Amino acid sequence: MGHIRPLSDDLVALISAGEVIENPASIVKELIENSLDAGASLIEIEIEEGGIKSIAVSDNGTGILKEDVPVCIQRHTTSKIASHEDIHRVKTYGFRGEALASIASVAELTIKTRHVDEEIGTQLVSRPNEPPIITDISKPSGTRVEVRNLFLQVPARRKHLQEPKFEGIRIHEIILRHAIIRTDVGFRFVKDGALLIDCPPDQDARDRVLILWGMSLAKNLIPVIYKEKGLIIRGFIVKPPFSRGNRSREYFSVLKRPIEEIRLSKAVERAYSTLLMKGRFPICSLDIVLDVERVDPNVHPTKREVRIQDIDGIVQAVFRAVRKALSPKTDKYETEPIMEETSADIVVDRDRVRVSTTSEEEQTSLLEHMTLFSDSDFEISSKTVDLHDLGGEFRVIGQFQNLYLLLEFNDALVIVDQHAAHERVLYERLRALVNSGEVTIQELIEPYVIKLGPQDVERILNISGSLKALGFEITSFGGNEILVSAVPEILGRIATEQEIISFMDRVLDIGSGLAHREFMDEVIKLTACHSAIRAGQPMSNAEIADLLIDLSKAENKTACCHGRPSIIFVPRKTLDKRFGRTDPEAIARYKARHRTDPQ
Ligand code: ADP
Ligand code: MG
């Protein structure tokens, strides 16, 4: 007797029925899930023209029994559940028995299959509104499902499909989501003849990420294994400041079933807290393992959402899991030194003044006795001091924390944010060069091949003309890779692969709605930001002097190009007031002594 049976009418009514086929990506999703349910260890997906022309998914799973083949394309026939009780412990991806029937009603469908227990395979060819043709074939065990000419008979729905390019990207994303979690299964993805994904089965997470997301992310994974009563959260997060400009790489799954749940995203974002700049989102893939009876996948027609009992508890647990993984005490993974993305990440919190070599308690008491400056003590202005004649007039005191430059200038202590200042100088210089068409480029001796998300490749190539005016030479390298062979000279010095990836990532964040001029200005700012001296970089007094002379020539000296201040003046008066040094004679004496001081 066959395995596939029709669901009883009342069971059908129980299941949230809905149209499962929205677009080619939803077909691919259903077919991949069928292959996974069939225990496949290898799944190959081939598409043409964004899947609209054709989709083929082949697997090495159990296959379908000959007598089940005509049944499987009927509505509400499934081998996966039989009774009401089963609905509450669905361990398979599918259970509604709807996918193949829905596909058969809107496209040409061919199923080639052989069950492991049978000698002869079966082929079913079906066209909408025609009886299927079933024949014997010889075939290795497993199943291949081919879908052609989606919605050809339903012009209204075909009209709603996006361009093949975008439908193809959606399919790519669906495959990535499954492939990241199901590292036990091998995935191949061929798009219009090009092999875009080729992962062998049984990979460890890091190797899988390396293939799917590229080297830099793979090198910066933090494993997450977190257990609480009746709950395990496992997977990985990517070390900050690696991040995205949107939530597209926040992956969640329940029992390896990909889901979308904004509350989980928010929990992870809260756990990263200030580790990421505003507007940046974490990269993670977290699977929630819990008793299958606590999950109800029967909510969303395409199973994108599942209902979980005690979701609040799980959200809390995800927060704790990520917090714990991010805390340095549990730093059990090998790491590369964390790269500062920009100094804007760094918040110097005046309440966290630390006095080294003292114990925690001593510090507190010291802090209590320390008078901290209040904001009103600082003048953040350019009006009082004209930097034009800085040359020769200022004295470099040195660098504080490899972050702030300290200078004596006339009657003031000048504090300069080294990154902000350099960024301003570079921004104005590069803007002038771009305007006069004189940007100097630096050819990379070894061009970088950079793997991006499928959507991102498309977008970068679309703007590669604009980026060329800035000195970037970017071409397609096939699939989801681009080749970067030249960069603006000012970026050349630090144009590491990670730097370029992070730069491209931020270029992609720039809204696509901007006019060309505004877009160029944003990209110039980004280039300046990426090329500028980082917070944490030591500078010699000579370098500091050079930078200050350059800054004095800048049009806007007092702010970096993102609007943060670059210079703070603390007038001598302010310091005197703070130190109670208001006696004019004492000040005069102090001044005289100070002037003759050999230092
Ligand atoms: P569901 O997955 O909800 O059961 P589908 O319409 O997707 O419904 O599939 C109907 C049935 O066809 C499945 O229950 C399964 O028995 C069989 N089937 C579909 N795809 C495959 C496959 N790749 N390998 C083995 N069996 C399959
Ligand atoms: Mg299915």
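**Ser-466 and its surroundings**

Tutor: Leaving aside neighbours within four places in sequence, Ser-466 touches His-516, Phe-519 and Met-520, where contact stands for heavy atoms within 4.5 Å. This is a predicted model, in which local features need pLDDT of at least 70 and side-chain atom pairs count only at pLDDT 80 or more, whereas totals for chains, interfaces and linings use all residues. Residues are numbered from 1 along each chain as its sequence is written, chains are lettered from A and ligands numbered from 1 in the order in which they are written, and side-chain values use heavy atoms, with hydrogens and water left out.

Ser-466 belongs to helix α15 (residues 464-469); helices (H or I, at least four residues) and strands (E, at least two) are DSSP runs numbered from the N terminus. With 17% relative accessibility, Ser-466 counts as buried, a word that here means under 20% relative accessible area, while exposed means over 50% and partly exposed lies in between (1.4 Å probe, protein chains only).

Turning to the chain as a whole, there are 21 helices and 24 strands, and buried residues make up 49% of its 599 residues. Of the contacts in the chain with a separation of 6 or more, 69% are between residues 24 or more positions apart. The accessible surface of the chain is about 29400 Å², and 51% of that area belongs to carbon and sulfur atoms; such areas come from the Shrake-Rupley method with a 1.4 Å probe, and for residues only the protein chains shown count as cover.

Rings of Phe, Tyr and Trp (its six-membered ring) pair if their centres lie within 6.5 Å, and planes under 30 degrees apart count as stacked, over 60 as edge-to-face and the rest as tilted. Trp-213 and Phe-236 make an edge-to-face pair, with 6.0 Å from centre to centre and 80° between the planes. Because Trp-213 lies in helix α8 (residues 205-213) and Phe-236 in strand β12 (residues 231-238), this pair ties together parts that are 23 residues apart in sequence. Both Trp-213 and Phe-236 are buried. Trp-213 also forms an edge-to-face pair with Tyr-251, at 5.5 Å centre to centre and 70° between the planes. Since Tyr-251 lies in strand β13 (residues 250-254) and Trp-213 in helix α8, that pair joins parts 38 residues apart in sequence. Tyr-251, at 2% relative accessibility, counts as buried, and Trp-213, Phe-236 and Tyr-251 form one aromatic cluster.

Strands β12 and β13 take part in an open sheet of five strands, ordered β11-β12-β15-β13-β14 and with mixed pairing; two strands pair if DSSP finds at least two bridges between them. Strands β11 (221-228) and β14 (257-259) stand at the edges with a single partner strand each, so one side of each is left without a neighbour in the sheet. Neighbouring strands of this sheet are turned against each other by 20° on average, direction ignored; axes are lines fitted to C-alpha atoms, for helices over the stretch in contact, and angles run from 0 to 180 degrees between N-to-C directions. Strand β13 and strand β15 (residues 284-290) run parallel and are joined by five bridges, and Ser-253 has Asp-287 in β15 as its bridge partner. Helix α11 (residues 311-326) lies across β11, β12 and β15, and runs at about 135° to β11.

A further ring contact involves Arg-270, whose charged end sits over the ring of Phe-319, 4.7 Å from its centre; a charge sits over a ring if NZ of Lys or CZ of Arg is within 6 Å of the ring centre and within 35 degrees of the ring normal.

Elsewhere, strand β20 (residues 412-417) pairs with β24 in the antiparallel sense over five bridges, and Ala-412 has Pro-571 in β24 as its bridge partner. Strand β24 (residues 567-571) is mostly covered, with four of its five residues buried.

Two loop residues complete the tour. Glu-49, in the loop between β2 (42-48) and β3 (54-59), has a positive phi of about 50° although it is not a glycine, and at 43% relative accessibility Glu-49 counts as partly exposed. Asn-129, in the loop between β6 (121-126) and β7 (133-137), has a positive phi near 65° and is likewise a residue other than glycine; with a relative accessible area of 78%, Asn-129 is exposed.
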